[in-house]
Amino acid sequence: MKTLVIVDDEPSVINGLRTYVDWAGQGIELIGTADDGDTGLALISELRPDIVLTDVQMPAMDGIAMAAEVRALLPDTKIVFISGHNDAEYLRSALQMHAADYIFKPVSRKELSVVMGKVTAALDEERRERQLVKDMQVKLTQSMPLLREKFLLSVISDNIHPERVHDKLVFLGLQSLAADSYIIMAIVIDDVPLVMDVRTEQDKQLLSYTVLNIIQEIIDEQMRGVTFEKEPGEYVGILLPGQRFSEDDLLQLAELIRDNLRKWLKLSVTIGVGEGVRSLSELPASYRQARGAADQKWYLGKNRILTMDNIESAENLRYRFEPEWGERVLTSIKSGDSSRLHAELAEMFGLLEKNRGQGPRYAQNVSLHLILQSGQVLLELNGMTAEWEQRELAAWKAVARQETMQDLLIFTETYLQQVCEFVQVKRSGKANETIARVRRLIEARYAENLTVADIAAGVYLSPTYVRLLFKQETGETLFEYLTKVRIEKAKQLLGDPQNKFYEVCYAVGYTDPSHFSKLFKKMTGFTPSAYREQHH
């Protein structure tokens with residue numbers, strides 16, 4: 001049950017909200033009311049409600065000043081303002097207070113119910129997030145000590161001294177590692193940069209802890225062993241299989257780990273399994289085998305369980321990059337022949353995929369060479385704009401982040417096809433016609449939640465190419481033009497006093513009145529209400 005305090009200097013409003021609104025039905029308990037800001041602040045400080053519903057204009061301390069005090073005292077409390085339609089300046093100040101929402105007088109029970117539904121949902125979500133962070137932080141403080149992790153890293157990478165091992169195991173509480181057989185399992189998150197780059201440092205640590213916890217729980221259910229993080233995105237399991245444990249049992253364990261990480265964390269992982277060894281001192285060899293098996297995802301694909309058999313059965317052929325390959329690709333791009341480009345790349349990468357003696361770096365260098373050649377085509381057509389230069393630089397960086405041969409092929413072809421598309425339009429002289437079609441589409445559909453992909457689909461071109469072409473030909477981005485169209489339409493709608501501010505906002509494609517107000521002022525120098533007063 002959420003708690004609510006109402007502050008309004010009109011007794012009829014407070015009486016109506018108390019009497020005619022089914023607060024309990026919305027999961028809200030009305031715990032107090034006040035008729036001015038000073039009294040309201042004192043009441044709120046005492047009762048510490050989840051939600052404050054307050055009038056904007058009140059004598060003595062108004063709703064804005066009171067909300068500022070509440071925000072400082074109770075930052076998690078949601079504030080909803082009640083405002084008259086003519087309180088433009090007050091409403092602007094209210095929006096600057098990061099209010100949860102606002103309602104115009106006279107208060108509609110239906111509108112109030114919708115607003116309170118959003119507010120209570122936001123409170124529930126914030127509480128869930130706080131509880132999750134709290135739970136994970138508690139577990140994080142109980143995670144593996146630094147000395148234990150350092151020892152486990154040394155076990156798989158160094159030649160440890162057998163005479164010292166027993167004492168270290170006892171000191172670190174790892175006596176279970178004293179066994180007569182071991183197997184290493186390397187669990188590698190697929191697309192690590194994409195998974196990690198979007199997270200804060202705290203989120204990365206929480207993710208790492210959760211992955212380790214899931215892996216360890218599954219190992220504990222199936223056999224003995226210990227898991228640790230070798231580096232971001234790579235986890236190592238030192239397994240103690242015992243005499244009765246078969247190869248099928250080992251693969252079943254790997255499948256359980258892979259499937260549970262997918263189910264609970266939406267993570268794709270590749271798992272490499274090394275061969276069994278008899279002592280801790282032999283673990284580095286088992287780890288190298290496990291990691292080598294996992295690295296075969298470059299050829300075999302992600303989200304797999306790979307063993308030494310995958311390495312031993314791999315062909316060891318060597319295909320050297322021939323200059324004529326690059327020439328054929330370059331000819332396809334220059335002629336704007338996308339079908340031929342697709343065929344040439346498919347043949348080239350088909351040979352490179354068999355080139356397992358050279359490894360991933362060789363194929364990546366071939367991709368970089370092709371991207372460099374395509375840049376020369378852009379230069380010849382006077383198309384190497386600042387945007388293309390930035391995209392080429394990003395492509396060079398992205399090549400090294402591709403984790404499989406198939407990923408590299410898809411990325412390389414996507415980039416080269418965009419260059420090919422540019423050549424097609426440039427050579428056909430249809431750039432101006434394309435820009436005109438884009439403008440017509442935006443002017444017809446500005447009220448929708450348009451994306452670059454929507455616009456590109458409407459003119460039958462790729463999103464990246466449409467974005468670059470529009471900027472090159474007009475000097476402004478697609479969204480700058482879309483914003484300009486929307487603001488012009490908003491000006492026209494504001495000319496009719498019957499159109500409410502939020503109705504205008506929705507009519508021109510925006511869903512957040514606060515964002516729309518800021519954008520309108522940035523473009524015109526006026527707030528929507530000030531513009532209406534000034535120009536009509």
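Close-up 1. K491 is partly exposed, with a relative accessible area of 21%. "Partly exposed" sits between two cut-offs: buried means under 20% relative accessible area and exposed means over 50%, using a 1.4 Å probe and protein chains only. This is a predicted model, so local features need pLDDT of at least 70 and side-chain atom pairs count only at pLDDT 80 or more, while totals for chains, interfaces and linings use all residues. Residues are numbered from 1 along each chain as its sequence is written, and side-chain values use heavy atoms, with hydrogens and water left out. What does K491 pair with? It forms a salt bridge with E488, the closest N and O atoms being 3.2 Å apart. A salt bridge here is a side-chain nitrogen of Lys or Arg within 4 Å of a carboxyl oxygen of Asp or Glu. E488 is partly exposed too, because its relative accessibility is 38%. Both residues lie in helix α22 (residues 478–494), three residues apart, or about one turn of the helix. Helices (H or I, at least four residues) and strands (E, at least two) are DSSP runs, numbered from the N terminus.

**Close-up 2. A salt-bridge network.** Now look at E324, R328, R340, E344 and E347: salt bridges that share partners join them into one network. The whole structure has 27 salt bridges. The general idea is simple: side chains of opposite charge can pair when their charged atoms come close.

Close-up 3. Is K297 buried or exposed? It counts as buried, because its relative accessible area is 9%.

**Close-up 4. V188 and T270.** Stay with strand β6, where V188 has its place. V188 is buried, because its relative accessible area is 7%. How far apart are the C-alpha atoms of V188 and T270? They are separated by 5.3 Å, although the two residues are 82 residues apart along the chain.

**Close-up 5. A patch of negative charge on the surface.** E247, D248, E275 and D309 gather here. Patch members have over 30% relative accessible area and no salt bridge, with like charges joined within 9 Å and nonpolar side chains (Val, Leu, Ile, Met, Phe, Trp, Tyr) within 5 Å. One of the four, E275, sits in the loop between β9 (269–273) and α11 (283–295). E275 counts as partly exposed because its relative accessibility is 40%.

Close-up 6. First stop: the peptide bond from K105 to P106 is cis, with omega near -5 degrees. P106 lies in the loop between β5 (101–104) and α5 (109–141). Next, A60 has a positive phi of about 60 degrees although it is not a glycine. You'll find A60 in the loop between β3 (51–55) and α3 (63–73). A60 is exposed, because its relative accessible area is 71%. N303 isn't a glycine either, yet it has a positive phi of about 55 degrees. N303 belongs to the loop between α12 and β10 (305–306), and it is partly exposed because its relative accessible area is 28%.

**Close-up 7. Two buried cysteines.** C420 is buried, because its relative accessible area is 0%. C505 is buried too, with a relative accessible area of 0%. How many disulfides are there? The count comes to zero, where a disulfide is a pair of cysteine sulfur atoms within 2.5 Å.

Note on methods: Areas by Shrake-Rupley, 256 points an atom, 1.4 Å probe, with all protein chains shown as cover. Lys, Arg positive; Asp, Glu negative; His and termini not counted. Charge placed at Lys NZ, Arg CZ, Asp CG, Glu CD.
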